[in-house]
Amino acid sequence: MSVSKHPVAVRLEQQVGKGTRLLATVMCLPLVDGIFPALVLAGALSTTLGIIEVGLLVFGGSATLAVVLAEMEGTRREQIQSILLVGVPLVVVAGVEAALAPTIANMLDIPTFERFAALVILAIAAKTASATVGEYLPSPGVIVGLGLVASFQPNSFELAFSANPEVVLRGMAAAGAGVTFALGAALFGPWLRGNVDIDRFRFGSAVALGVLPLSILGLIEANVPLALAVLAVTSLLSLDPQGAVDSMPVDDENADETEEPPADPGANEQAPWL
């Protein structure tokens, strides 16, 4: 990729291609491999801060930023239209999966499943930080599947849809936060390309993802936005205005200007008065 060799985005790019298709794959992957339903079941969306954290770190994050800045083609308007084309179905499907969460929850031992949900986030954080480490870790879908098997309770099965629209709205809001993140990246793309170190942001996002399971497991209070604080510090540390300037190739005209001027033909001639 032209801006950042993001491990997750590079792997998906090889499978699905570039541009809007790659963006759709990156943003919709949490819905497909079970990450988002796992977070809903684990109660990660129980607070407003949790909704924002899931939206920015799971649906948004460094992979989405790298795709928008490096692979999205066209004008700013065309990029925004492409993001909305992906984002609108994303928000709808997220609401549907949130509505189905009570049906799945009735079959599971939630405390056991929460541990696997935390493990999924840690695995994603490791894959985001290092492609080498990610090769030795199971896929998120495999971990979610193991969590479903370990916490399965068939005797308590009951078909139930969420009667509380708040659950659906929370799921849609989390996806909406991710879409808003992508729209912001497209809107401020020219400035971000010249002032943000994408790889530095990627490592910081991995750390923020690694912090998120602490609230899922109850090790820190849900109203303590530790993951958001890490993401905010990461954003500040990722600012690198000189990075783009230093990495820009020097054109031939500027290169010629830096060369020493040719010697004066008459410089070696002895002055007549010497």
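This is a predicted model: local features need pLDDT of at least 70, side-chain atom pairs count only at pLDDT 80 or more; totals for chains, interfaces and linings use all residues.
Local features need pLDDT of at least 70, side-chain atom pairs count only at pLDDT 80 or more, and totals for chains, interfaces and linings use all residues. Residues are numbered from 1 along each chain as its sequence is written, and side-chain values use heavy atoms, with hydrogens and water left out.

The structure holds 3 salt bridges (a side-chain nitrogen of Lys or Arg within 4 Å of a carboxyl oxygen of Asp or Glu).

| Pair | N to O distance |
|---|---|
| Glutamate 166 and arginine 170 | 2.8 Å |
| Arginine 200 and aspartate 197 | 3.6 Å |
| Arginine 202 and aspartate 199 | 3.5 Å |

Glutamate 166 and arginine 170 lie 4 residues apart in helix 9, so about one helical turn separates them. Helices are DSSP runs (H or I, at least four residues), numbered from the N terminus. Arginine 202 and aspartate 199 are 3 residues apart in helix 11. Arginine 202 is buried at 7% relative accessibility; aspartate 199 is partly exposed at 29%. Buried means under 20% relative accessible area, exposed over 50%, partly exposed in between (1.4 Å probe, protein chains only).

A pocket is an open set of points on a 1 Å grid where a 1.4 Å probe fits, with protein on both sides within 12 Å along at least five of seven lines; lining residues have an atom within 4 Å of a point. The pocket has 14 lining residues, with Leu65, Phe181, Leu192, Phe201 and Ser235 nearest its centre. Helix 9 gives the most, 3 residues.

Terms used
Helices (H or I, at least four residues) and strands (E, at least two) are DSSP runs, numbered from the N terminus.
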